[in-house]
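Student: Could you walk me through this structure, and could we settle the terms before we get to the details?

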Amino acid sequence: MVMEGNLRSISLSDVERAREDLDFIEPFVRRELPRELLERKLGSGKNLPAEVRAHYEDLLRGPPPGLELKPRLDLHKAWHGIHYLLTGEPWGGAPPLSCAVLGAEGQNVGVDQGYGAPSYLMPAQVRTVAAALAEVGLGELRRRYDPAKMTELEIYPSGIWLHKNEDNFDWLMQFYEPLPGFYASAPPSGSGMLVWIA
């Protein structure tokens, strides 16, 4: 099963609501699929089982009225490699950089997305992560890139790091490059960050 890293700015009031209502977070973390794509893949949905049809119709409706969803940053399958380059560890590591991709330990809301419940960062944590990312140089990340070690540690997607004639560092950087700006652009009015793997 594919595991992809995702981030989305979220208001503090929405975090509070999600703590009380496990289902509230669902519109924040589901993939936004254009209506045309859904209809092309699933047709009208008339022949789907009732429970699948209900989910299909929910996707077509989009977020509930009045719920404003901020843009999502998709790290695709590069999330684990990025985390490793930032921390030198396959899991965990020293904050604040350890929080950039995996979120904060023990700060979870909603239901398991397949690889754990989404994590959230408080506004002060978002600012701290943004400042830390601003200090990270590409040269430092390049020095930490070690395909043999990443293979040994089973950094996802495992099995790709030692492929010949492929520069997977450049592939990781495609997805890393928007990350510092994404954190830096979080609204200064006190937004948190939602982080999840799905």
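Tutor: Let us begin with contact, which here means heavy atoms within 4.5 Å. The model is a predicted one, in which local features need pLDDT of at least 70 and side-chain atom pairs count only at pLDDT 80 or more, while totals for chains, interfaces and linings use all residues. Residues are numbered from 1 along each chain as its sequence is written, and side-chain values use heavy atoms, with hydrogens and water left out.

Student: Fine. Which residues does Pro157 touch, leaving out those up to four places away in sequence?

Tutor: Leaving those out, Pro157 touches Lys77 and Trp171. Pro157 and Lys77 are 80 residues apart in sequence, yet their C-alpha atoms are 6.5 Å apart in space.

Student: And where is Pro157 found?

Tutor: Pro157 sits in the loop between H9 and H10, where helices (H or I, at least four residues) and strands (E, at least two) are DSSP runs numbered from the N terminus. The peptide bond leading from Tyr156 to Pro157 is cis, with omega near -5°.

Student: Buried or exposed, that proline Pro157?

Tutor: Pro157 is buried, because its relative accessible area is 11%; buried means under 20% relative accessible area, exposed over 50%, and partly exposed in between, with a 1.4 Å probe and protein chains only.

Student: Which other peptide bond is cis?

Tutor: The bond from Pro95 to Pro96 is cis, with omega near 5°, and Pro96 has its place in the loop between H5 and helix H6 (99-102). For background, most peptide bonds are trans, and most residues other than glycine have a negative phi.

Student: What about phi of Glu154, then?

Tutor: Glu154 has a positive phi of about 60° although it is not a glycine, and Glu154 is found in the loop between H9 and H10. Glu154 counts as exposed because its relative accessibility is 58%. His76, in strand S2, also has a positive phi, near 50°, and is partly exposed at a relative accessible area of 31%.

Student: Switching to His80, what does it touch beyond four places away in sequence?

Tutor: His80, which lies in helix H5, touches Pro90, Trp91, Glu154, Ile155 and Tyr156 on that count. With a relative accessibility of 1%, His80 counts as buried.

Student: Now H10: which of its residues are buried?

Tutor: In H10 (residues 168-176), the buried residues are Asn168, Phe169, Leu172, Met173, Phe175 and Tyr176. They cover an arc of only 160° around the axis, so they are on the same side of H10; the arc is taken over the directions from the helix axis to the C-beta atoms.

Student: What do those buried residues pack against?

Tutor: They pack against strand S2 (72-76) and several helices, including H5 (79-87), H7 (123-135) and H11 (178-184).

Student: How do the axes of H5 and H10 cross?

Tutor: The two axes, which are lines fitted to C-alpha atoms over the stretch in contact, with angles running from 0 to 180 degrees between N-to-C directions, come within 9 Å and cross at roughly 90°. H5 is therefore roughly perpendicular to H10, a label given to angles of 65 to 115 degrees. Gly81, Ile82, Leu85 and Leu86 of H5 meet Phe169, Leu172, Met173, Phe175 and Tyr176 of H10 in this contact.

Definitions and conventions:
Angles under 35 degrees count as roughly parallel, over 145 as roughly antiparallel, 65 to 115 as roughly perpendicular and the rest as oblique.
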